[in-house]
Amino acid sequence: MPPTHAALPAGHDFATYARTRWSGLLATARLLTEDPGAAQELARRTLVRMCARWRHVPRNDVDFHVRRCLVRGHLRRLRGRRAARRRAVLVLRVWEGLADAEIAQVLGCSVGAVRAHARHGLKAAGADPGRLREGYARAVEGLAPSEVPLTEVQSRGRVRRRRRVAVAAAACAALLTPLGVLTVHRLGGDTQDRAAGLGSGGGTATSPVRVVAPGERVTAGPGIRVWLTADGGHWSVPVALAGNDGDRPGGAPGVSLRVDSVKGGFFLSGLFQGLNGEPGRVEVRTGDGEVTAKVLVLAGSPGWGIWYTSALVSEKDVKTVLTARGDERIVTVYDASGKVAARSAREWWRI
Amino acid sequence: MRTTTRPPKNPRHHERVPLRIRLRRNRGRLVRRLLYVLLALVATLCAAAVVAYRLTAIPKPHPETVTQSTVFLDADGAYLGRRGPVDRQDVPLSAVPRHVQDAVIAAENRSFRTDSGVSPKALVRAAWATLTGGASQGGSTITQQYVKNALLSPQHTLSRKAREALIAIKLDRTRSKDEILAGYLNTVYFGRGAAGIQSAARNYFGVDAKSLTVAQGAALAAIVNIPSYYEKAGSDPKVTAKLERRWEWVLDAMAASGSITARQRAAARFPAFRFYPPGETDGQRQYLIDVAAKEAADRLGITEDQLASGGYNVTTTFDLGLQDSATQLVQDGRPAGKGVRVHTAVVGLVPGDGAVRVLYGGSDYARQPFNDAVSGTVEAGTALDPFRAVGPVGEPLGRLLRTAAPTPMNLASAYATVAADGRYATPYTVARITREGRTIYRAHPEVRQVLGEKQALMAGARSGAGPTPVAVTAGRPAAKAFATGGAGGGITRRTVWTTGYDGELALTVALFADRPGTEKGTTLPAQLPNEPPPAEFAQTVAAGIWSRTLSSR
């Protein structure tokens, strides 16, 4: 039966299509395979495949896709056999009456390749297209008309479709799972980091500790320069009294306090010593509460250094400092863990 | 009958299939073709990369990263100063604590020990961070940064980026990770003008790289990210707070990777920094460095420029604490006269050895680079008389006696000879020179007998500067007797020399004055002003320094 296709009703479903096209499909399969049994099987398998992906087949191009499925399904098993390809080209060209360009689209090759196949195929068959067509017609005539095994095709198509869906889902899952795990992990890590950052931010105020090189002058107040050398702390003050303007650290933990008179107030400073490492905080009690002092130390945490308050102290506050009773501590040094490391025991001062 | 109904010439032979359908039908083929093109492209690129890799040579480090500065230290190893165009010194990796190395790796390139010079993962992560606006590590590995910093000239082009990656891969395949890390640590910029871990450790913490603690190492590693911003760490609270956050992050990463234990992590406290710019020093350092640099270059047989860019560590003989108190004493009570400039020179050296402990040669190097103590000639006057009276003496003391105006250094060495029972020691200021941990020069005192023991004793007795036997109860430094001599007398004193010595130190203080000459830039000797009394001042200075030396013994 020549491939004169009966018109299909608009919006046809698979069953209608299969019923309408079954015989044509069978004929083409027969011409491709030359074996009635194999042809039947090929046509049925083609329909199963089409049934499985029927939803995705473009409705305005169904014939092409079915034809391509048929030809490729046939050629797939005879991969690399040139004779089968030539035969397919001849069948498509002579029996189906397709243009070379369309044949190329069916086979997925170039138009030139199609022409070459046709040429060689014709030469091998030793016949012209007319004779060939007659031969095809004869071959098809011998085909017993049969009914399309619709139920079988549809059930197998369903199975096939389900299997494909399952495979696709598994592949997606295999791809997405590690990605998801990674994202969750990263998010978790971020929140942890943030929590750690917050936790460290809320510590107690620490004394600003500054490391200085030996002999490095630090301007601590108006006209006041202090520095450290390996043997002790040194002061250079505007109103210097006679005597050695230096203070040497001893061994036992302790704090010294000196008061220097400068323009606009009094400057409190001193030496602390005997610490294990750098101080965490140095508190100075003046008249109106505690002040956190600044600290200068030499490199290498020698356990001693100079403390000083950057703000000048008023005369009134100095008086309270000077009149402090023996048991009142003016300067307290805390170590890094917040424990009291040293206190000013007996004060000595200079004004 | 069927044969007659041959299929008519199909109209589709002529009718063109619409483009949309044609494209849909050919989709598979088009995709396949595209794939081939892509594959070919990738293959070509790979081949090109292989060829480029083969053709790329690892360049020599550019000169800027080879130059090192020379550092001067005092006798106890305290930092005196440096000479050289860049603040950088190479240290071997063994002198960088492992936790510092790990901190830098944690901060800059966590996969450094395992990656192959470039890290595609890091690149993707950096790109992702840029896209999503998150602040994270850059995409460059430590190897790439090293190549960028040390081997290539700074220019920002795409081809340079590619070259950088190629060299990084090649470097990684031809050198060990430790070599690369050492190169990186020695060249990476840490801010404050300091390149390399050694200079950074000095500039930020005042210590050598090998003494860096875990906390300090992590802080330096955190700084590498934006050195020009973090260099104000310590003085600027905002910068310090930001650095502290990054420091925590570095430490957390180190703890997570097992570089430090949980206990070390918990015990780490944010370190104290030196400030930048640092406080000024007393203006004395340059004099000391000048003298020591000249001597070091001389001893090594190289020019001072070669010394400055050679990366040496020069341990001098100076005592920084003593020097500091000498400076303070001199500058506190210096006599000043109208139109006259009073110069004070102080030299203290070790008798029988020649090591110079104190050398004060001017108040400020910036105003007067001329060192009075070494090059100033001061009229000796009576200061040399004790030696003239003891009879013939050996060289070079004999030569000294023939000069009317010796340098303070020479005079001090003469008295040191007396202190060492007549053994003259050539003064020296450089005790040791090392380079990359190897000692290449060590000073050996040049000592020779120039006075007989009796002569020395006699000179000492005549000068009266020797150690005075004092009672134990009165063992105060003030009991030290100083010999004071000089030229001129009464109110017309031109120079004052005060000298004292014992077995461990010979100290000379010289006072003289000059006034501007008639021509610009020249000076003429002048009389010392009388208020305060110059001799008294010189004695005060000498006694002050002496008390310091006694207390530090």
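Author: **A core residue and its surroundings**

Leaving aside residues up to four places away in sequence, B:A221 touches B:A103, B:V104, B:A106, B:A107 and B:V250; two residues are in contact if their C-beta atoms, placed from the backbone, lie within 7 Å. The model is predicted, and local features need pLDDT of at least 70, side-chain atom pairs count only at pLDDT 80 or more, and totals for chains, interfaces and linings use all residues. Residues are numbered from 1 along each chain as its sequence is written, while chains are lettered from A and ligands numbered from 1 in the order in which they are written.

B:A221 belongs to the largest nonpolar core, which has 178 residues; those touching the most other members are B:A218, B:L220, B:A221, B:V250, B:V346, B:V347 and B:L359. A second, separate core of 39 residues includes A:C69, A:L92, A:L107 and A:A137. A nonpolar core is a set of buried Ala, Val, Leu, Ile, Met, Phe, Trp, Tyr and Cys residues joined through C-beta atoms within 7 Å. A residue is buried if 20 or more other C-beta atoms lie within 10 Å of its own, exposed if 12 or fewer, and partly exposed in between, with C-beta atoms placed from the backbone.

Chain B, which holds B:A221, has 21 helices and 15 strands; helices (H or I, at least four residues) and strands (E, at least two) are DSSP runs, numbered from the N terminus. Of its 553 residues, 45% count as buried. Its radius of gyration is 36 Å, whereas a compact globule of 553 residues would have one near 24 Å; the radius is taken over C-alpha atoms, and the globule rule is 2.2 Å times the number of residues to the power 0.38. Along the principal axes, the C-alpha atoms of chain B fill a box of roughly 155 × 50 × 45 Å. Among chain B contacts between residues at least 6 apart in sequence, 70% join residues at least 24 apart.

In helix α6 (residues 158-174) of chain B lies B:K161, which counts as partly exposed because it has 13 C-beta neighbours inside 10 Å.

The second core includes A:L107, which is also one of the buried residues of α5(A), together with A:E102, A:I103, A:A104, A:Q105 and A:V106. Six of the eight residues of α5(A) are buried, so this helix is largely enclosed by the rest of the structure. Its cover includes α3 (62-77), α4 (82-95) and α6 of chain A, together with α1 (19-25) of chain B.

The axes of α5 (residues 100-107) and α6 (residues 111-125) of chain A come within 8 Å and cross at roughly 100°; axes are lines fitted to C-alpha atoms, for helices over the stretch in contact, and angles run from 0 to 180 degrees between N-to-C directions. The two helices are therefore roughly perpendicular, a term covering 65 to 115 degrees, with angles under 35 counted as roughly parallel, over 145 as roughly antiparallel and the rest as oblique. In this contact, A:D100, A:A101, A:I103, A:A104 and A:L107 of α5(A) meet A:V111, A:V114 and A:R115 of α6(A).

Between the chains, 37 residues of chain A are in contact with 41 residues of chain B. On the chain A side, α5, α7 (129-141), α8 (150-201) and β1 (209-212) each supply at least two residues.
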